[in-house]
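Good morning. Please have the sequence and the 3D view open while I talk.

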Amino acid sequence: MCNCLGEIQGKIKQMDMTTEKESAPDNIIADAMANPSPAKSMGDPGITPLSPSHIQQNDTDPNAHTGPSFIVVVAIDFGTTSSGYAYAFTKEPECIHTMRRWEGGDPGVSNQKTPTTILLTPDRKFHSFGYAARDFYHDLDPTESKHWLYLEKFKMKLHTTANLSIDTELHAANGRRVKAIDIFAYALAFFKEQALKELSDQAGAEFDNADVRWVITVPAIWKMPAKQFMREAAYKGGLVPRDNPEQLIIALEPEAASIYCRKLRLHQMIDIDSKTIQNGFSPTENVGTGMTQAKEHVRSKRQSRTFLVENVIGELWSELEEGDRYVVVDCGGGTVDLTVHQIRLPEGHLKELYKASGGPYGSIGIDYEFEKLLCKIFGPDFIDQFKIKRPAAWVDLMIAFESRKRAAAPDRTNPLNINLPFSFIDYYKKFRGHSVEHALRKSNVDFVKWSSQGMLRMNPDAMNALFKPTIDHIIQHLTDLFEKPEVSHIKFLFLVGGFAESPLLQQAIHNMLQGRSRIIIPHDVGLTILKGAVLFGLDPSVIKVRRSPLTYGVGVLNRFVEGKHPPEKMLVKDGTRWCTDVFDTFIACDQSVALGETVKRSYTPAKPSQQIIVIHIYCSEKEAVSFISEQGVRKCGTLRLDVTGTESTATRREIQTHMQFGDTEIRAMAVDVATARSVKASIDFLSQ
């Protein structure tokens, strides 16, 4: 046995830990920094125990996602550009109810959801969310609005921030900074209030939040810190209490879409490759036409906000056989998420075949291209100043662009007119000393003209050019994905998310696939994830197998082997030669993990008085990792075991830890083997 001083984080006091392993009793965890080698930098690295079991144990946890019996499942689709909620009662799982109609709206935009916009008062108190926030902010006097904090499209910050923490900040439209956790908590609290009010009105009495299982959707490509951040925001916003984490489920957006798509009936979707009549209209050679007609058909037929789904699987799946594969492409405002699933019959369970992939290729990329175009015409210095000095007018301009953006189509021939707010025209003249029309003439941007009605006239090619960089990213990613051996023989490609309504995107994917897979677009495509998230909350076990997005493990000490281990990794302790920094893999990148499958490790406090064990977790995008000091390996989290209150008279205490990697979040459970008492175990990815 070896006892050494342990290096730990934060305020946890230093402590000793020992180890034992049945097959190799001299293999121990080195809880040390990844680079440089602890053998050289610390002289005496901290060590903690390695488990007797080195293999993955396929112990299905029957209690996963169970607990109190919930009366209703409420799912919140927290999107980059728009958000909303839907719910279903557990006694009527086939009836999914979408949220009440929101007040407000934009021309050419269906208001099934509300914009992801939030407004705080000058003293940073929550004021409003969605259309209400945007409209109130718009109506403020410019001298007053600069004191208010208006935020939009802020969800992407969780994906783009390299070192996300509870202290991460966002910038409001007026340039002031605010804690991101507060903004997300305010937004989730708003949805909680709206949903509970609607449920209470239905019930005729106040609805108890304890009877609700909450589901929050996140992109599948999000890393663990971003998922944990959403959970922390839910705790802070009062969605669920911290001592009842099972009341909240994090759902992956393309998974939710996949779950809903498997229940589709033929009249609830568009097959853009088909030339047959569906829903009373015939798709034409232009793939966008069918979608436009479908939306009008759905609007005219919709009598309520209740959607009926199949009990088992929908009519579409009658064409599927055991083992058939399909891809879900979730095209949202901020990200594009892709997941590859295989169907398991007869229950319709799903197996992930390739790790979730994608990138920041959402529709807001088109907005950024439009902003770049404005900078080219009017100058980046003016645009930057206008956004700060007239933030409400900038919002107006982007709303005007949004409605015209949705009118872009491959076969469009007439120009698209974008209203310029009067304050834009007026402020530009004061800023430059000449007119907007003069700027357009001097800019050499031939495809954008000035209209005497106070509009920018864009020819269709100019609008299509704004789409091109974003669509090119998506097509390249899809092309790369379809070259993977796991992604061969794909029967269907389901196109979902708000951006999926774009005829330009539909045509690009249609041209790329060249008939290799059938492209299916559900009706009310913007609500697909929301409805699927409700179904996931009703049955979280529907996804039976997932793929690990990263390789996870810890640093260990192994017996030094000449010729195998690098000499610079050698550490001599009590006459024994050890190799430091060895990466002990819990799970490898793209490895299949069954739901409930656990990785077991055992840890032993060296001192009876030790109350806390903290072990660093490392990760990498590489499948095969040998040392924690390798390039691309980083410390990403901590496993914390709190053994307070589990004291025993045993001379050597063994804390057996079970880690689950097959769910949407990584979970940890632990037990004191001698007393069979539960030990508080948690994995933290934010406090790094």
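A salt bridge here is a side-chain nitrogen of Lys or Arg within 4 Å of a carboxyl oxygen of Asp or Glu. With that in hand, look at Lys153, Asp367, Glu402, Lys405 and Arg406, which are linked in a network of salt bridges.

Some ground rules next. This is a predicted model, where local features need pLDDT of at least 70 and side-chain atom pairs count only at pLDDT 80 or more, while totals for chains, interfaces and linings use all residues. Residues are numbered from 1 along each chain as its sequence is written, and side-chain values use heavy atoms, with hydrogens and water left out.

How many salt bridges does a search of the whole structure find? The search gives 27.

Lys113 pairs with Asp77, with 3.0 Å between the closest N and O atoms. This pair links distant parts of the chain, 36 residues apart: Lys113 is in the loop between β8 (95-98) and β9 (114-115), and Asp77 is in strand β6 (residues 72-78). Strands, such as these, are DSSP runs of E with at least two residues, helices are runs of H or I with at least four, and both are numbered from the N terminus. Are these two residues buried or exposed? Buried means under 20% relative accessible area, exposed means over 50%, and partly exposed is in between, using a 1.4 Å probe and protein chains only. Lys113 has 14% relative accessibility, so Lys113 counts as buried. Asp77 is buried too, at 4%.

Next, Lys179 and Asp167 meet through their side chains in a salt bridge, 3.0 Å from N to O. Lys179 is in strand β14 (residues 177-179) and Asp167 is in the loop between α4 (157-160) and β13 (169-171), twelve residues apart. Lys179 is partly exposed, at 34%.

Strands of a sheet pair through backbone hydrogen bonds, either parallel or antiparallel. In this work two strands pair if DSSP finds at least two bridges between them. The open sheet to look at has eight strands in the order β17-β26-β25-β19-β20-β21-β27-β31, with mixed pairing. From one strand to the next, the twist averages 25°.

Inside this sheet, β19 (residues 325-331) and β20 (residues 336-344) pair in the antiparallel sense over seven bridges. Arg325 has Gln342 as its bridge partner in β20. Helix α14 (residues 460-482) lies across β19, β20, β21 (349-359) and β25 (490-496), at about 30° to β20. Axes are lines fitted to C-alpha atoms, for helices over the stretch in contact, and angles run from 0 to 180 degrees between N-to-C directions.

Last, Asp590, which is in the loop between β30 (576-587) and β31. Asp590 is buried, with a relative accessible area of 12%. Leaving aside neighbours within four places in sequence, Asp590 is in contact (heavy atoms within 4.5 Å) with residues including Tyr354, Lys355 and Arg547.
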